Amino acid sequence: MRLNDLDLNLIKTFVLVAEERGFSKAAKRLFVEQSAVSKAIKRLEVNIGSTLFLRTKRHVELTTKGMTLLPIARQVLQSSEDLLSLAQDRKNELSGVLKFGAASPLSFLFLPDAISQITTDYPRIWPMMFTGLVDDLTQRTARRELEFSFLGYEGTRLKELEYREIGACRYKIVASTRIKTPMMNSFIGSREINDQNSPKLPTFDRLKRINKQIQIRYSANDLMAYKALLLKGLGIGLLPELFIQKEIAQKKLKVLYPEMNLLFPMFAIHHGGYKLSPEAERMIEICKTKFR
């Protein structure tokens, strides 16, 4: 028997007859006449050169050869289904440029893993990530310059945008282990730069209730610069836990007010008047698994 003689319909018929232990039941499942099933099995037996079934008045039984070939036949059918499924997936594969925004620290703490996953799963997607301040990304998303954006907090909400909470990031209040006592009254700010339209500084306000002398003396919206200011002992500040694990382990930074639960939500935003592309929806779903 040559490879081009292999007919999947014959193999399927063989498997069904074996499962039903009869030609008539197999014919019903195939929506054909019983004679068609008999002819198909006969043709397969001729091509193989072996008898596959022992026929009796009540039912049919597999021969030794038939029992040997049955699991292989099932495997061939499954492989053919997998091949068709893969071909269909490729036909409808996600593709194209994916323009989105991401504010710090999401842009470097979480997005590299998400971008790696989506480009592995869908090689024809080209993620194009734009980083920036919260209010800038919000405005660019509202103008449809970006299809969607990831924000560490919602900032000033715009009515034309839809906001989805997709995860949370844990922060810690930290200071240099060598900080001088007077600098414990100095807070390094960032939100007043990141979100210029929002006067709300929730963490600083909480600290103000604990220490009435504390004040914002420095501000930096670049997290590397922010951490450098902390390491210099210029004040206390708020940073993502994932971003300072190394410095805490090395005893360069210490955690202050550990009793504070500083778990802040993260958001995906897009223009509510437009439906997101399948590529964007997939990217957001992937990020939900990363932003935990």
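Modeller: Before we start, one cut-off: a residue is buried under 20% relative accessible area, exposed over 50%, and partly exposed in between. Keep in mind, too, that this is a predicted model.

Colleague: Thanks! Then is R21 buried, exposed or partly exposed?

Modeller: R21 has a relative accessible area of 41%, so it is partly exposed. You will find R21 in the loop between α1 (8-20) and α2 (23-30).

Colleague: What should I look for in the backbone there?

Modeller: Here is the general idea: most residues other than glycine have a negative phi, and most peptide bonds are trans. R21 has a positive phi, near 55°. K251, also not a glycine, has a positive phi of about 60°.

Colleague: Where does K251 lie, and is K251 buried or exposed?

Modeller: K251 sits in the loop between α11 (241-249) and β10 (253-256). With a relative accessible area of 65%, K251 is exposed.

Colleague: And which residues does a cis peptide bond join?

Modeller: Look at S104 and P105: the bond joining them is cis, with omega about 5°. P105 belongs to the loop between β3 and α5 (106-109).

Colleague: Let's turn to a helix. Which residues of α7 are buried?

Modeller: In α7, residues 134-142, the buried ones are V134, D135, L137, T138, T141 and A142. Viewed down the axis of α7, these buried residues fall within an arc of 165°, so they line one face of the helix.

Colleague: What covers the buried residues of α7?

Modeller: The cover includes the strands β3 (96-102), β4 (125-131), β5 (148-151), β6 (161-176) and β11 (263-271), along with α8 (191-194). Just after α7, R144 takes a positive phi of about 70°.

Colleague: Now the whole chain, please. How many helices and strands are there?

Modeller: The chain has 12 helices and 11 strands. Its radius of gyration is 32 Å, well over the 19 Å that the globule rule gives for 292 residues, so the chain is more spread out than a compact globule. Along the principal axes, the C-alpha atoms fill a box of roughly 100 × 45 × 30 Å.

Colleague: What share of the residues counts as buried?

Modeller: Of the 292 residues, 41% count as buried. Among contacts between residues at least 6 apart in sequence, 74% join residues at least 24 apart.

Colleague: And what about the surface and the charges?

Modeller: The accessible surface of the chain is about 16800 Å², and 51% of that belongs to carbon and sulfur atoms. As for charges, the chain has 46 positive and 31 negative ones, and their mean positions are 4 Å apart.

Terms used: Residues are numbered from 1 along each chain as its sequence is written. This is a predicted model: local features need pLDDT of at least 70, side-chain atom pairs count only at pLDDT 80 or more; totals for chains, interfaces and linings use all residues. Side-chain values use heavy atoms; hydrogens and water are left out. Buried means under 20% relative accessible area, exposed over 50%, partly exposed in between (1.4 Å probe, protein chains only). Helices (H or I, at least four residues) and strands (E, at least two) are DSSP runs, numbered from the N terminus. The arc is that of the directions from the helix axis to the C-beta atoms. Contact means heavy atoms within 4.5 Å. The radius of gyration is taken over C-alpha atoms; the globule rule is 2.2 Å times the number of residues to the power 0.38. Accessible areas come from the Shrake-Rupley method with a 1.4 Å probe; for residues, only the protein chains shown count as cover. Lys and Arg count as positive and Asp and Glu as negative; His and the chain ends are not counted. The place of a charge is taken as NZ of Lys, CZ of Arg, CG of Asp or CD of Glu.
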